[in-house]
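Student: Could you walk me through how to read helix packing and pockets in a model like this one?
Tutor: Gladly; let us look at it together.

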Amino acid sequence: MKIINKVEEINKDLSFLKSDFSISTIADSLKTNTTYISFVFNKHNEESFSQYYTKRKIEYIIDQLKTNATYRKYSIQALAEE
């Protein structure tokens, strides 16, 4: 389950927050194609790659807003860029 391990690693190191992060990032690092990554991801998580990581990004920023006062001073655009 290299794909699932890679996803867990990405979730721990928060690399999904990088602006250039995509399903291709995982496919390239595992030397496979995006179709296969998508298939395994959907099967394991019961939602699409983009749905999952959109939720993760939103959960991250909500957590930061709750725990880090600096984030509360940011505009919506600055939060989105973060």
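Student: At what angle do helix α1 and helix α2 pack, and how far apart are their axes?
Tutor: Keep in mind that this is a predicted model, where local features need pLDDT of at least 70, side-chain atom pairs count only at pLDDT 80 or more, and totals for chains, interfaces and linings use all residues. Residues are numbered from 1 along each chain as its sequence is written, and side-chain values use heavy atoms, with hydrogens and water left out. Helix α1 (residues 2–13) and helix α2 (residues 23–30) pack at about 125°, with axes 11 Å apart. Axes are lines fitted to C-alpha atoms, for helices over the stretch in contact, and angles run from 0 to 180 degrees between N-to-C directions. α1 and α2 are therefore oblique to each other (under 35 degrees is roughly parallel, over 145 roughly antiparallel, 65 to 115 roughly perpendicular, the rest oblique).

Student: Which residues of α1 and α2 meet?
Tutor: Contact means heavy atoms within 4.5 Å. From α1 come K2, I3, K6, V7 and I10, and from α2 come I26, S29 and L30. By class, this contact of α1 with α2 has five nonpolar, one polar and two charged residues (Ala, Val, Leu, Ile, Met, Phe, Trp, Tyr, Cys and Pro are nonpolar, Asp, Glu, Lys and Arg charged, and the others, Gly among them, polar).

Student: How many helices and strands does the chain have?
Tutor: Helices (H or I, at least four residues) and strands (E, at least two) are DSSP runs, numbered from the N terminus. Here there are five helices and zero strands.

Student: How do α1 and α3 pack?
Tutor: Their angle is about 75° and their axes are 10 Å apart. That makes α1 roughly perpendicular to α3. I3, I4 and V7 of α1 touch Y36, I37, V40, F41 and H44 of α3. That contact divides into seven nonpolar, one polar and no charged residues.

Student: And at what angle do α3 and α4 pack?
Tutor: Helix α3 (residues 34–45) and α4 pack at about 60°, with axes 9 Å apart. F41, N42 and N45 of α3 meet F49, Y52 and Y53 of α4.

Student: What is the volume of the largest pocket?
Tutor: Rolling a probe the size of a water molecule over the atoms shows where empty space is left. On a 1 Å grid over the protein atoms alone, with a 1.4 Å probe, a pocket is an open set of points with protein on both sides within 12 Å along at least five of seven lines; lining residues have an atom within 4 Å of a point. Grid points are joined across faces, edges and corners, and a volume is the space filled by probe spheres set on the points. For the largest pocket that volume is about 240 Å³. Its lining includes L17, K57 and Y60.
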